[in-house]
Amino acid sequence: MLLSPPEDDLLSTLNTCLSAHGLDHVAVAVSGGGDSVALLHLASRLAAAQNVQVQAVTVDHGLRSEAADEARQVAQRATDWGLKHTTLNWAGWTGAGNLQAEARRARYALMADWARGHGVQAVLLAHTADDQAETVLMGLARASGVDGLSAMPEMREVNGSCLLRPLLRHSRQELRAYLEAHGVGWIEDPSNQDIRFERIRMRQAKSALDELGLSAPALSQVAQNMAQAQAALDFHTQASARAICQLDAGDVLITLDSFAALPQETARRLLLGAVAWVNGGSERPRRQPTLMTLTAAQQGRPAQLGGCRIVKQRNRMRVCREHHAVRDLRTQPGELWDNRWRLSGPDEDGVTIAALGEQGVLQCPNWRETGRPHVAMLAAPAVWRGSDLVAAPLAGMANGWRFEGPMDEEEFFETLLSH
């Protein structure tokens, strides 16, 4: 069958995306809605024509009674197209926070963990230019900066897995037209009409904005422009970090005078990158607390941000872990502690990895020789047998214990390209 130009364009976009990333084993995230069903159909045709392994994956959030049946419909559709299907279940919402945001985070984490465990190189998401435009509008409503207006990237990493959006330059209408041309139906989610959700309100407002020239293509172009500006800022931040930052036992040391002289946006990005490095990416601070902390840091005053302490040491600023953030963490030897440290030693029976704390510092007579301040020592990983301190390698008390952790400066500099 000859392809129509739009259909040929959709297949070409998908094929080009997979080829550019060297992918031959992917999964398509399918809710049953028109966008994801269209992407699954396109991927199934690509799998049949080329050496690409395609699976389908659906997340049932357990929030609607119809969801389980919709997942079964998706499974049957995938089977009809010769594809394997998996349903993942989430029941983790406590009722706190933003439902859509929490469900999205959970969905991505579930799919990423599943993909990593099944040899899937990337999970394909069916976001379109319309989704991109809605995201830009939400960013404008929040008075977002460059990062917020750069909206959704084509590729991002979650829990060590790749999430890929190959259809960002295509419209929702193109995908609906494609499905209609192939006689393929889809499920309409009633929540897509629920104006309690911000995205739905933006979707409804967008039709009026089209008349003013704020169309999906125009807003998507804004996102692309902002993404280019974001990349340039990240590049400058990384170059600045190479000149003024050092690592010390997992902490980030920043030359204070040079930091204070940086443009505010560069300094903000560098600070956030340092905090993310020290807290293991467990908490991303909000903008206002970040700006307040930035002002304090540039003036050499102590501050706290994202589970980290920022303290002045002579002509440098140290970003270290906050004891309160890790006070209750407990792991076994060989396990990851605080998303950063792994300790192993000669006698691992009956011991626990926990923060050094005040009582531990008192048992490390040589801790000052490390050059690290007391506040940083409190949050250092240590080996305990009950209430007895066995070892604290970062506090000068190794006793045969070894540690692995965030010590690679080049790795730190690379992370700044994504903050």
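The model is predicted, so keep its thresholds in mind: local features need pLDDT of at least 70, side-chain atom pairs count only at pLDDT 80 or more, and totals for chains, interfaces and linings use all residues. Residues are numbered from 1 along each chain as its sequence is written, and side-chain values use heavy atoms, with hydrogens and water left out.

**Overall make-up**

- The chain has 16 helices and 17 strands; these are DSSP runs numbered from the N terminus, with helices being H or I of at least four residues and strands being E of at least two.
- Taken along the principal axes, the C-alpha atoms fill a box of roughly 80 × 50 × 40 Å.
- Of the 419 residues, 48% count as buried (buried means under 20% relative accessible area, exposed over 50%, and partly exposed in between, with a 1.4 Å probe and protein chains only).
- Among contacts with a separation of 6 or more, 69% come from residues 24 or more positions apart; contact here means heavy atoms within 4.5 Å.

**Surface and charge**

- The accessible surface comes to about 20100 Å², and carbon and sulfur atoms hold 49% of that; the areas come from the Shrake-Rupley method with a 1.4 Å probe, and for residues only the protein chains shown count as cover.
- There are 41 positive and 48 negative side chains, and the centres of the two sets lie 5 Å apart.
- In that tally Lys and Arg count as positive and Asp and Glu as negative, while His and the chain ends are not counted; each charge is placed at NZ of Lys, CZ of Arg, CG of Asp or CD of Glu.

**Two residues with positive phi**

- Most residues other than glycine have a negative phi.
- Ala143 has a positive phi, near 55°, and lies in the loop between helix H5 (129-141) and helix H6 (146-149).
- Ala143 counts as exposed because its relative accessibility is 64%.
- Asn159 also has a positive phi, near 50°, in the loop between strand E5 (155-158) and strand E6 (161-164).
- Asn159 counts as partly exposed, since its relative accessibility is 42%.

**A helix pair**

- Helix H11 (residues 264-278) packs against helix H12 (residues 287-298) at an angle of about 100°, with axes 10 Å apart; the axes are lines fitted to C-alpha atoms over the stretch in contact, and angles run from 0 to 180 degrees between N-to-C directions.
- H11 and H12 are therefore roughly perpendicular to each other (65 to 115 degrees, with under 35 roughly parallel, over 145 roughly antiparallel and the rest oblique).
- On the H11 side the contact includes Arg268, Leu271 and Leu272, and on the H12 side it includes Thr290, Leu291 and Leu294.

- Thr237 sits in helix H9 (residues 216-244) and counts as buried at 1% relative accessibility.
- Leaving aside neighbours within four places in sequence, Thr237 is in contact with Thr266, Arg269, Leu270 and Leu416.
- Ser150, in the loop between H6 and E5, counts as buried at 6% relative accessibility.
- With neighbours within four places in sequence set aside, Ser150 is in contact with Ala223, Met226, Ala227 and Gln230.
- Trp367 is found in the loop between helix H14 (357-362) and helix H15 (374-378), and counts as buried at 10% relative accessibility.
- Trp367 and Ala395 are 28 residues apart in sequence and 4.7 Å apart in space, C-alpha to C-alpha.
- Not counting residues up to four places away in sequence, Trp367 touches Ala395 along with Val361, Arg372, Pro373, His374 and Met377.
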